[in-house]
Amino acid sequence: MKLWLPKSHAFMATPLAFRSIRRACFASSGLKWEGGVSMVQGASRGIGLEFVKQLLEKNDKGHVIATCRNPNGATGLVDLKNKFAERLNIMPLDLTIESTIEASAKFIREKYGSLNLLINASGILSIPNVLQPETTLSKVERSSLMLAYEVNAVGPILAIKHMWPLLKAGGGFGTERDVAVVANLSARVGSIGDNHLGGWHSYRSSKAALNQLTKTVSVEFARKRDPIICILLHPGTVDTDLSKPFQRNVPDGKLFTKEFSVQQLLSIINNAKSHDNGKFFAWDGQEIPW
Ligand SMILES: NC(=O)c1ccc[n+]([C@@H]2O[C@H](COP(=O)([O-])OP(=O)(O)OC[C@H]3O[C@@H](n4cnc5c(N)ncnc54)[C@H](OP(=O)(O)O)[C@@H]3O)[C@@H](O)[C@H]2O)c1
């Protein structure tokens, strides 16, 4: 087997060099990390943080790269790091700064050589004094449309672009997945066919754009040799900071906990097969129309 050796370590018999050689073996031989390697993008809080927690708790061999804008301020992630120091890596990543996405890809390439699951969990709906979900066309602002589009659609696709060379089948709990999975957190309101209420122009259109971009990527992936699938997930209405200002009108029993929603979504991810590529699933496994 031909080993790739970083130049700076080539003649140094240090523990660092041995670790690099071992990692290179994994990367170049196609060997997999037992338990798999997952990345959760948008992991500081809400659904993303819960994904990190369940991935670590339910798979005692799995490794997770959790990314967020401000790792020092992400107290939930820091708590998990104290508990799962060996298997959790926290990296700074702001979707609006592409170099931070590239830096995370470089870190994963150097440390693991491959990635089995990418979850894009970030998203914005409202930001006080910056972004308000529109109730009418007269409230639509260029700046809101552009910001929602940048964070909800452009950023996740750039994350997929940079992680693509690393994506390999594997990971999962119990039975191993025979495909690499990219799961983008979308929203039912991003469905054009399901839009009967109107409103929320920025959020709806940015999620519709995410859906179309994901579908487009899925078509390209289907033509390649490495089995990679892209799916879109609607988590239901979940009790997080994002939904807080809008929970008043949620019918009884329809506001889910993060724990329940992520449990459902992980079941969809772990059972995903190649024929699921390019599909848009709700939390209960039902397909959502485009
Ligand atoms: N909660 C719901 O009811 C619901 C319903 C349908 C769909 N969803 C979707 O589910 C996903 C997760 O939502 P959530 O409820 O967990 O929301 P949340 O609690 O508000 O968390 C949003 C996450 O996105 C991150 N984020 C925002 N801007 C970012 C940027 N520029 N770069 C990187 N990360 C950024 C936030 O990081 P910071 O901490 O740095 O701000 C935070 O980690 C979103 O895509 C959302 O649209 C949620």
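## Ligand contacts

An oxygen atom of the ligand sits 2.9 Å from an N or O atom in the side chain of Lys207. The model is predicted: local features need pLDDT of at least 70, side-chain atom pairs count only at pLDDT 80 or more, and totals for chains, interfaces and linings use all residues. Residues are numbered from 1 along each chain as its sequence is written, and side-chain values use heavy atoms, with hydrogens and water left out.

Backbone atoms also approach the ligand. A polar backbone atom of Ser122 is 2.7 Å from a ligand oxygen. For Gly123, a backbone N or O atom lies 3.3 Å from an oxygen atom of the ligand. In total, 30 residues surround the ligand (a residue is near a molecule if one of its heavy atoms lies within 4 Å of it). The closest are Ser44, Arg69, Ser122, Tyr203 and Thr240.

Ser186 is found in the loop between strand 5 and helix 6. Helices (H or I, at least four residues) and strands (E, at least two) are DSSP runs, numbered from the N terminus. Ser186 is buried, with a relative accessible area of 5%. Buried means under 20% relative accessible area, exposed over 50%, and partly exposed in between, with a 1.4 Å probe and protein chains only.

The side chain of Ser186 makes a polar contact of 2.7 Å with the side chain of Asn211. A polar contact is a pair of N or O atoms within 3.5 Å; within protein, one must be able to donate a hydrogen and the other to accept it, and residues adjacent in sequence count only if both atoms are side-chain atoms. Not counting residues up to four places away in sequence, Ser186 touches Lys207, Leu210, Asn211, Leu232, Leu233, His234, Pro235 and Phe280. Contact here means heavy atoms within 4.5 Å.

Seven strands form an open sheet in the order 3-2-1-4-5-6-9, with parallel pairing. Two strands pair if DSSP finds at least two bridges between them. The edges are strand 3 (88–92) and strand 9 (280–282), each pairing on one side only. Direction ignored, neighbouring strands of this sheet are turned by 20° against each other on average. Axes are lines fitted to C-alpha atoms, for helices over the stretch in contact, and angles run from 0 to 180 degrees between N-to-C directions.

Strand 1 is mostly covered: five of its five residues are buried. Val37, Met39 and Gln41 point one way from strand 1, while Ser38 and Val40 point the other way. Strand 1 pairs with strand 2 in the parallel sense over five bridges. Val40 stands opposite Ala66 in strand 2. Strand 4 (residues 117–120) runs parallel to strand 5, joined by four bridges. Ile119 has Ala183 in strand 5 as its bridge partner.

## Helices on the sheet

Helix 3 (residues 75–83) packs on the sheet and touches strand 2 (63–68) and strand 3. The direction of helix 3 makes about 150° with that of strand 3. Helix 7 (residues 258–270) lies across strand 4, strand 5, strand 6 and strand 9. Helix 7 runs at about 155° to strand 6.

## Salt bridges

The whole structure holds eight salt bridges (a side-chain nitrogen of Lys or Arg within 4 Å of a carboxyl oxygen of Asp or Glu). One of them joins Arg45 to Asp241, with the closest N and O atoms 2.9 Å apart. This pair links distant parts of the chain, 196 residues apart. Arg45 is in the loop between strand 1 (37–41) and helix 2 (46–58), and Asp241 is in the loop between strand 7 (237–238) and strand 8 (255–256). Asp241 is partly exposed, at 47% relative accessible area.

Glu110 and Lys106 form a salt bridge at 3.4 Å between the closest N and O atoms. The two are four residues apart in helix 4 (residues 98–111), so about one helical turn separates them. Glu110 is partly exposed at 48%, as is Lys106 at 43%.

Asp226 and Lys168 meet in a salt bridge of 3.7 Å, N to O. Asp226 lies in the loop between helix 6 (201–222) and strand 6 (228–234), and Lys168 in the loop between helix 5 (142–163) and strand 5 (180–185), so the pair ties together parts 58 residues apart in sequence. Asp226 counts as partly exposed at 31% relative accessibility, and so does Lys168 at 34%. Salt bridges that share partners also join Lys53, Glu57 and Lys83 into one network.
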